[in-house]
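Please look over the sequence and the model below before reading on. The account that follows is meant to be read with both in view.

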Amino acid sequence: EDHHLPGLTVQETLHYYASLRLPHTDAESRDQRVRGLVDALGLSGCLSTRVGTQGTGGISGGERRRLSVLMACLGDPAV
């Protein structure tokens, strides 16, 4: 199950997660990495949308899933 903060927008979620996941990376490099992944996963259209929950609205289930994938890829995991 995905665990996102429903009150944050997608952009806020990614900003905070990138700051936690990549603490020794400068802000410009973090932002470039996030933008590249956002473009690759097609989430640029919902950056200002609140994550929400299934019951309260927000991003769609597919967008929520892509957000989870993006967050997993952000830390450059070994595949």
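Predicted model: local features only at pLDDT ≥ 70, side-chain atom pairs only at ≥ 80, totals over all residues.

The paragraphs below take up the helix pairs, then the nonpolar core, and then some individual residues.

Two packed helices are described by the angle between their axes and the distance between the axes. For helix 2, which spans residues 27-41, and helix 3, which spans residues 61-74, the angle is about 145° and the axes are 10 Å apart. The crossing of this pair is right-handed. On the helix 2 side the contact is formed by Arg33, Val34, Leu37, Val38 and Leu41, while helix 3 contributes Arg66, Val69, Leu70, Cys73 and Leu74. Sorted by class, the residues of this contact comprise eight nonpolar and two charged ones, with no polar residue among them.

Helix 1 and helix 3 form another pair, whose axes come within 10 Å of each other and cross at roughly 20°. Because of that angle, helix 1 runs roughly parallel to helix 3, angles under 35 degrees being counted in this way. Here the crossing is again described as right-handed. Helix 1 takes part through Val10, Thr13, Leu14, Tyr17 and Ala18, and helix 3 through Leu67, Leu70, Met71 and Leu74. In this contact there are eight nonpolar residues and one polar residue, and none that is charged.

The remaining pair to be considered is that of helix 1 and helix 2, whose axes come within 10 Å and cross at roughly 130°. The two helices are therefore oblique to each other, and their crossing is right-handed. Leu14, Ala18 and Ser19 of helix 1 meet Arg30, Val34 and Val38 of helix 2, a set that divides into four nonpolar residues, one polar residue and one charged residue.

In soluble globular proteins, nonpolar side chains tend to be buried together. In this model the largest nonpolar core has 15 residues, of which Val10, Leu14 and Leu67 touch the most other members. Helix 1, helix 2 and helix 3 are the elements that give two or more residues to this core, and helix 3 gives the most, with four residues.

Although Leu8 and Ser48 are 40 residues apart along the chain, their C-alpha atoms are separated by 9.1 Å. Thr9, with neighbours within four places in sequence set aside, is in contact with Leu47, Ser48, Thr49, Arg50 and Val51. Is Thr9 buried or exposed? With a relative accessible area of 12%, Thr9 is buried, because the term applies under 20%.

Ala27, finally, lies in helix 2 and counts as partly exposed because its relative accessibility is 42%. Between Ala27 and Thr53 there is a separation of 26 residues in sequence, and their C-alpha atoms are 29 Å apart in space.

Definitions and conventions:
Residues numbered from 1 in each chain as written. Heavy atoms only, no water. Buried < 20%, exposed > 50% of the residue type's maximum accessible area, 1.4 Å probe, protein only. Contact = heavy atoms within 4.5 Å. Axes fitted to C-alpha atoms, helices over the stretch in contact; angles between N-to-C directions. Left-handed = near helix turned anticlockwise from the far one by under 90°. Nonpolar A, V, L, I, M, F, W, Y, C, P; charged D, E, K, R; others polar. Parallel < 35°, antiparallel > 145°, perpendicular 65-115°, else oblique. Core = buried A, V, L, I, M, F, W, Y, C linked by side-chain atoms within 4.5 Å.
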